[in-house]
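Please open the structure in the viewer and keep the selection panel at hand.

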Amino acid sequence: MGAECLVGGVEGEGFSAAMRSLAKGRLHIGALCVGLAERLTQEALQHSLDQTQGGARIADFQLVQGMLADCRTETMAGRALVLEAARAYDDGSDRRLGPSAAKLYCSEMVDRVADRAVQVHGGMGYMQESKVSRFYRDARLFRLYEGTSEIQRTIIAKQMIRGASTR
């Protein structure tokens with residue numbers, strides 16, 4: 001076998017090549033999480049507008065409003081982080097820390113949004129037939145796929161330490 005059969009084309013470069021491909025995948029996971037969070041937020045909002053308790057829409061209750069506001073705020077923050085990490089990835093200025101930070105934040109964020117969406121739906125949100133129940137289960141996968149949250153924290157910290165050591 002020649003060098004053309006090696007991942008990365010040079011012996012010892014395979015691991016680095018694999019890590020580079022994972023970084024781009026982490027950006028994709030972050031974006032998927034943002035999309036799912038947006039859908040969950042919309043489902044929770046619509047449910048809160050449609051459901052009443054004591055003759056009032058549950059959307060009019062301050063605690064429900066707080067959950068909806070937190071869902072929107074975290075989703076917006078996730079979107080901004082993914083867009084910035086993608087910009088830095090594309091211009092080559094950051095292909096490690098940004099993708100890991102986006103994947104970590106967004107995968108943790110979508111879990112929180114999913115939890116709130118189920119809460120807004122109440123008992124119906126826990127039923128298997130409920131969209132938010134399915135999305136809740138699906139959201140959990142993102143904390144595992146393309147490297148667990150713990151691995152992302154390790155990558156981020158190592159990049160921070162490496163950056164501080166070169167100053």
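Begin by selecting Gln 159, which touches Arg 96 and Leu 97, residues up to four places away in sequence not being counted. The model on display is a predicted one. Gln 159 belongs to helix H6. Is Gln 159 buried or exposed? With a relative accessible area of 18%, Gln 159 is buried, because the limit for a buried residue is under 20%.

**Helix H6**

Now colour its buried residues: Ser 149, Gln 152, Ile 155, Ile 156 and Gln 159. These residues lie on the same side of H6, because they cover an arc of only 120° around the axis. In general, an α-helix has 3.6 residues a turn, so residues three or four places apart point the same way. Next, turn to the face of H6 directed away from the buried side, where the exposed residues Glu 150, Lys 158, Ile 161 and Ser 165 are found.

Select Glu 146, in the loop between H5 and H6. Glu 146 is buried, its relative accessible area being 19%. Which residues is Glu 146 in contact with, leaving aside its neighbours within four places in sequence? They are Leu 22, Gly 25, Arg 26, Ile 29, Lys 103 and Gln 152. Of these contacts of Glu 146, Gln 152 is also one of the buried residues of H6.

**The largest nonpolar core**

Select Leu 36, Leu 40 and Val 110, the residues with the most contacts inside the largest nonpolar core, which has 29 residues. Two or more residues of this core come from each of helix H1 (14-50), helix H2 (62-91), helix H3 (97-121) and helix H5 (131-141). Centre the view on Leu 36, which touches Val 110, Phe 135, Ala 139 and Phe 142, apart from residues up to four places away in sequence.

**Aromatic rings**

Finally, select Tyr 89 and Arg 95. The charged end of Arg 95 sits over the ring of Tyr 89, at 4.5 Å from the centre of that ring. How many aromatic pairs does the structure hold? The number is zero.

Conventions:
Residues numbered from 1 in each chain as written. Predicted model: local features only at pLDDT ≥ 70, side-chain atom pairs only at ≥ 80, totals over all residues. Heavy atoms only, no water. Buried < 20%, exposed > 50% of the residue type's maximum accessible area, 1.4 Å probe, protein only. Helix = DSSP H or I, 4+ residues; strand = E, 2+ residues; numbered from the N terminus. Arc of directions from axis to C-beta. Phe/Tyr/Trp six-rings, centres within 6.5 Å; stacked < 30°, edge-to-face > 60°. Lys NZ or Arg CZ within 6 Å of the ring centre and 35° of its normal. Core = buried A, V, L, I, M, F, W, Y, C linked by side-chain atoms within 4.5 Å. Contact = heavy atoms within 4.5 Å.
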